[in-house]
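Let's take a friendly walk through the ring contacts and the chain interface of this model. The sequence and structure come next.

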Protein chains: 2
Amino acid sequence: MRAVDIIIKKRDRGELTREEIEFFVKGFASGEIPDYQASAFAMAVVLNGMTPRETTDLTLAMAHSGQMLDLSDVVDFAVDKHSSGGVGDKTSIVVLPVVVACGLPVGKMSGRGLGFSGGTLDKMESIPGYRVDLTTEEFKRQLKEKGIVLSGQSLDLAPADGKLYALRDVTGTVQSIPLIASSIMCKKLAGGAQAIVLDVKTGLGAFMTTLEEARQLASLMVDIGKLAEREVVALLSDMNQPLGCAVGNALEVIEAIETLKGGGPADFREHCLHIAAHMLVLGKRAKTLEEARKMAEAAIASGAALEKLRVLVEAQGGDVRYVDDIGRFPPAKFIEVVKAPRSGYISQVHARAVGEAAVALGAGRTKKSDPIDHAVGFVIHKKVGDRVEAGEPLFTVHANDAAKLAEARLAVLNAYAFSDVKVEPLPLFYDG
Amino acid sequence: MRAVDIIIKKRDRGELTREEIEFFVKGFASGEIPDYQASAFAMAVVLNGMTPRETTDLTLAMAHSGQMLDLSDVVDFAVDKHSSGGVGDKTSIVVLPVVVACGLPVGKMSGRGLGFSGGTLDKMESIPGYRVDLTTEEFKRQLKEKGIVLSGQSLDLAPADGKLYALRDVTGTVQSIPLIASSIMCKKLAGGAQAIVLDVKTGLGAFMTTLEEARQLASLMVDIGKLAEREVVALLSDMNQPLGCAVGNALEVIEAIETLKGGGPADFREHCLHIAAHMLVLGKRAKTLEEARKMAEAAIASGAALEKLRVLVEAQGGDVRYVDDIGRFPPAKFIEVVKAPRSGYISQVHARAVGEAAVALGAGRTKKSDPIDHAVGFVIHKKVGDRVEAGEPLFTVHANDAAKLAEARLAVLNAYAFSDVKVEPLPLFYDG
């Protein structure tokens with residue numbers, strides 16, 4: 001078998017066999033197949049596509065390119081969740097404690113922020129001492145003893161995917177539904193997930209900007225799950241505007257804690273309950289979504305979910321006093337409430353523009369080595385469908401630099417659009 | 001400007017600007033743009049194409065990636081020819097002496113064999129002492145003093161093309177009409193050609209197997225010529241069966257010498273006169289093709305053309321006695337006449353199969369470092385449309401190894417197809 005013949009087959013719209021895909025992924029991971037062949041292959045896949053079967057074989061080959069985590073000795077059934085990323089998406093920080101409080105242990109590996117999109121690890125590090133670098137042994141022991149883990153990748157999971165992703169990033173081959181789907185799914189499979197709730201974001205602040213693309217991605221990942229014998233539920237959720245109100249690391253953790261205390265923005269709370277319910281059904285802690293949702297609501301109402309967040313933070317070395325008293329999070333130097341420049345109905349809060357403005361404030365990275373400023377970001381007070389009067393608070397900027405504050409104010413004002421006629425709120429979820 | 005954005009633009013079917021193409025070619029030639037970006041770009045071009053304008057910009061950028069040869073101080077107008085390669089194509093060895101004898105000086109840079117397709121340099125080296133490694137100064141001096149040169153590339157012409165071709169070869173990105181056209185044309189432009197006759201082969205023994213592809217390639221190269229302000233004539237010629245009768249290095253030189261003496265196979269002679277006539281018209285030595293053709297015929301009849309071959313061989317250090325007496329070429333150890341296994345009309349002499357059989361005998365290379373056996377090859381006695389009776393000579397094998405002889409006999413017998421009903425001869429040229 002020769003790499004060039006596999007490239008030519010895909011160039012000519014052929015369907016690759018499992019053996020061909022395994023040969024290519026193994027060769028690429030070991031370095032026998034050079035980057036220049038892998039990038040030509042990736043471009044052929046971008047332009048000619050892959051069938052669900054090919055994509056599943058690619059996913060499994062990448063998953064098996066490194067160690068495979070086996071959680072069967074610590075949990076009866078490993079349920080995971082994955083969000084395709086967006087602005088203000090602090091869902092895991094609420095959903096994990098909720099489902100764990102309902103009796104479903106979950107050990108989740110999260111990521112860092114990528115471009116305008118935030119990352120759960122960066123958010124959790126707003127809590128002093130919180131460790132996201134657990135070893136595999138620590139991960140498994142904590143999952144067994146505490147039933148809850150939220151850490152970074154402890155193993156070298158799916159190294160072929162990491163290598164391919166780095167190459168795709170510089171060769172214009174990121175935008176491919178089969179390549180995106182296999183990249184997401186291979187890490188979940190290598191991480192030991194037996195069932196997965198996928199939260200596929202769509203809209204202005206998502207990587208899939210159209211509903212059609214998001215549907216294709218979701219459907220392909222469900223197909224991969226079936227073919228790889230995993231239970232997969234894919235939800236399509238809106239990312240045209242930020243999720244909830246807070247955008248920025250500590251601000252989002254505070255909003256998550258408030259949500260676990262029974263408060264928080266209604267849209268975010270609803271989003272979390274929906275995801276949690278699906279996880280509980282997949283994990284066989286409830287028979288129906290209705291039953292699961294009641295369990296989740298009860299876990300919040302009783303304080304059991306918040307207690308699980310305390311357990312999590314304590315187990316991973318974080319200062320649990322921050323959970324008990326959100327006043328401990330150090331505020332940014334400048335906190336400015338920006339008022340609505342006009343009256344009307346909000347017709348847009350451009351999620352990507354808000355996310356990019358948060359990165360510019362220091363909440364995210366433009367280079368991998370950039371430090372994160374945990375205190376900065378925004379709280380959005382008015383969202384799509386809301387009525388606002390001129391002079392009412394529209395959003396609050398938290399900044400540590402006066403010049404950046406001015407830029408951020410302008411950027412988020414520009415992210416808003418107003419309408420004189422009534423505007424419907426955006427849906428939280430779309431039909432799959 | 002970033003390489004990845006140029007790749008993405010081509011991936012998304014955009015038309016690249018001249019600046020973008022120059023940026024990419026310069027960066028690739030200098031090594032700033034790595035191979036993995038160039039191969040992804042090449043695959044995007046293979047699958048999404050390029051306009052004639054983009055292809056011309058690519059051609060010019062590659063031509064300017066190295067030294068540009070200027071022949072204006074040695075000839076009044078530099079006319080070149082190029083054949084896209086095939087089996088039994090010894091045309092340059094006849095055409096150059098003919099047009100030079102008609103008063104049009106020509107300095108041509110030729111290549112070596114590539115795969116099943118022979119190369120003029122390998123053929124000329126059948127003549128002991130013949131040098132194909134002239135320096136630029138030697139090339140120009142000989143062109144000025146003798147009016148005829150047939151050598152290898154003396155300069156590092158279009159190094160970006162060489163680098164890109166090597167990459168294309170291993171990334172499944174050879175098959176692209178814009179990339180093939182620019183690769184051919186950039187070397188001709190860098191070599192100083194002001195007018196070019198392109199002999200684009202089509203058929204079973206050509207790189208363009210269908211007439212449609214060959215037409216597209218020819219038409220694109222004519223467009224490039226126009227946009228680059230060169231006069232270009234593209235001819236489409238048949239390569240379903242070998243050109244002429246001889247296939248193999250010394251055998252082809254002998255056939256060329258016989259043709260210059262007024263003999264040689266009728267099809268090959270006709271092919272050479274047609275190409276020569278176009279060169280003479282482009283070079284303004286004749287007003288019409290009819291006039292040019294008469295000049296070419298006269299140059300053969302008078303012996304003037306043969307004399308120019310003597311001049312060429314002598315100037316480049318070759319033993320001119322081989323031109324005067326073809327009996328000096330050392331024969332192969334085994335010369336076997338293979339007889340027709342049946343009677344009928346010849347309906348196929350598969351050019352590629354014959355070319356591959358010649359390579360297997362040692363006439364070509366399977367690796368770049370392989371030595372060439374100049375004596376081996378075939379003489380084809382019956383071609384498409386010919387009537388043959390069982391037992392009549394069909395072809396002759398010249399071999400230096402008994403086992404290889406047996407293989408070659410079988411391979412060429414298999415290259416033949418017979419018909420009970422009359423078969424028309426193949427055309428020499430097709431309409432453009």
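## Aromatic pairs and the interface

Phe116(A) has a relative accessible area of 9%, so this residue is buried (buried means under 20% relative accessible area, exposed over 50%, partly exposed in between, with a 1.4 Å probe and protein chains only). Phe207(A), at 38% relative accessibility, counts as partly exposed.

Before going on, a word on conventions. This is a predicted model, in which local features need pLDDT of at least 70 and side-chain atom pairs count only at pLDDT 80 or more, while totals for chains, interfaces and linings use all residues. Residues are numbered from 1 along each chain as its sequence is written, chains are lettered from A and ligands numbered from 1 in the order in which they are written, and side-chain values use heavy atoms, leaving out hydrogens and water.

Rings of Phe, Tyr and Trp (its six-membered ring) pair if their centres lie within 6.5 Å; planes under 30 degrees apart count as stacked, over 60 as edge-to-face and the rest as tilted. Over all chains, this gives 12 aromatic pairs. One of them joins Phe24(A) and Phe41(A), which are stacked because their ring centres are 4.4 Å apart and their planes at 25°. Phe24(A) lies in helix H2 (residues 18–30) of chain A and Phe41(A) in helix H3 (residues 35–48) of chain A, so the pair ties together parts 17 residues apart in sequence. Helices (H or I, at least four residues) and strands (E, at least two) are DSSP runs, numbered from the N terminus. Both Phe24(A) and Phe41(A) are buried.

Phe116(A) and Phe207(A) form a tilted pair, with 5.5 Å centre to centre and 35° between the planes. Phe378(A), Phe395(A), Tyr416(A) and Phe418(A) make up one aromatic cluster.

| Charge | Ring | Distance to ring centre |
|---|---|---|
| Lys284(A) | Phe77(A) | 4.7 Å |
| Lys163(B) | Phe28(B) | 4.6 Å |

Now to the interface. In chain A, 21 residues are in contact with 21 residues of chain B (contact means heavy atoms within 4.5 Å). About 1600 Å² is buried between chain A and chain B, and carbon and sulfur atoms give 72% of that area; buried area is the accessible area (1.4 Å probe) that two parts lose on being put together, summed over both. Helix H1 (3–11), H3 and helix H8 (159–169) of chain A each supply at least two residues of the side that touches chain B. The largest share of that side, 10 residues, comes from H3(A).

Methods
A charge sits over a ring if NZ of Lys or CZ of Arg is within 6 Å of the ring centre and within 35 degrees of the ring normal.
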